[in-house]
Amino acid sequence: MSTNLLILLSVVEAVLLVVVLALALIEIRRRLVLISDGLATLASALVTVEAQHLRPLAGLLTAINQRAGTLLGLLPVIASKAQIVVDHVAGGQ
């Protein structure tokens, strides 16, 4: 092969490499834009769910937790009264 042909093939190869890399980067950019749009939609949906469903539940959950705390405080009293009943029933037989 002649030197001129080798030089021409090297230049063509370099140009093809740049074109292929440019196309690959364009495709990657396109996919990243799609992903970004999807994430923006998801973020918007999550904000809506939080505002419409989770925030109103916060007050209810606080009330439930307070009542559960009250019930947990009463468990020792209930246990002692249950023990009195057990002792009475066991002693009465």
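Let's start with L9: this residue is partly exposed, with a relative accessible area of 43%. On terms: buried means under 20% relative accessible area, exposed means over 50%, and partly exposed is in between, using a 1.4 Å probe and protein chains only.

Two quick notes on where this comes from. This is a predicted model, where local features need pLDDT of at least 70, side-chain atom pairs count only at pLDDT 80 or more, and totals for chains, interfaces and linings use all residues. Residues are numbered from 1 along each chain as its sequence is written, and side-chain values use heavy atoms, with hydrogens and water left out.

Now, where does L9 sit? L9 has its place in helix α1, residues 3-92. What else does the chain contain? The count is 1 helix and 0 strands. Helices here are DSSP runs of H or I with at least four residues, strands are runs of E with at least two, and both are numbered from the N terminus.

Next, the overall shape. The C-alpha trace spans about 115 × 35 × 15 Å along its principal axes. The radius of gyration of the chain is 37 Å, while a compact globule of 93 residues would have one near 12 Å. That radius is taken over C-alpha atoms, and the globule rule is 2.2 Å times the number of residues to the power 0.38.

How much of the chain counts as buried? Of the 93 residues, 0% do. The chain exposes about 8,300 Å². Carbon and sulfur atoms supply 73% of that area. These areas come from the Shrake-Rupley method with a 1.4 Å probe, and for residues only the protein chains shown count as cover.

Which residues form a nonpolar patch on the surface? They are M1, L5, L6, L8, L9, V12 and L16. Together they have about 700 Å² of accessible area. A patch is made of residues with over 30% relative accessible area and no salt bridge; like charges are joined within 9 Å, and nonpolar side chains (Val, Leu, Ile, Met, Phe, Trp, Tyr) within 5 Å.

On to distances along the helix. L42 is in helix α1. L42 is partly exposed, at 46% relative accessible area. From L42 to V85 is 43 residues in sequence and 57 Å in space, C-alpha to C-alpha.

Take Q52 next. Q52 also belongs to helix α1. With 54% relative accessibility, Q52 counts as exposed. Between Q52 and H88 there are 36 residues along the chain, and their C-alpha atoms are separated by 53 Å.

Then D87. This residue is found in helix α1 and is partly exposed, at 46%. D87 and L75 are 12 residues apart along the chain, with 18 Å between their C-alpha atoms.

Now the charges. The chain has 6 positive and 5 negative charges, and their mean positions are 11 Å apart. Lys and Arg count as positive, Asp and Glu as negative; His and the chain ends are not counted. Each charge is placed at NZ of Lys, CZ of Arg, CG of Asp or CD of Glu.

How many salt bridges are there? The count comes to 3. The rule asks for a side-chain nitrogen of Lys or Arg within 4 Å of a carboxyl oxygen of Asp or Glu.

Look at E27. E27 is partly exposed, with a relative accessible area of 28%. R30 forms a salt bridge with E27, and the closest N and O atoms are 2.5 Å apart. Both lie in helix α1, 3 residues apart, about one turn of the helix. R30 counts as partly exposed, at 43%.

R31 meets E27 too, in a salt bridge of 3.0 Å, N to O. Why are R31 and E27 about one helical turn apart? Because they are 4 residues apart in helix α1. R31 counts as exposed, at 51%. So E27, R30 and R31 are linked in a network of salt bridges.

Finally, R55 and E50. Their side chains meet in a salt bridge at 3.9 Å, N to O. R55 counts as exposed at 54% relative accessibility, whereas E50 is partly exposed at 34%.
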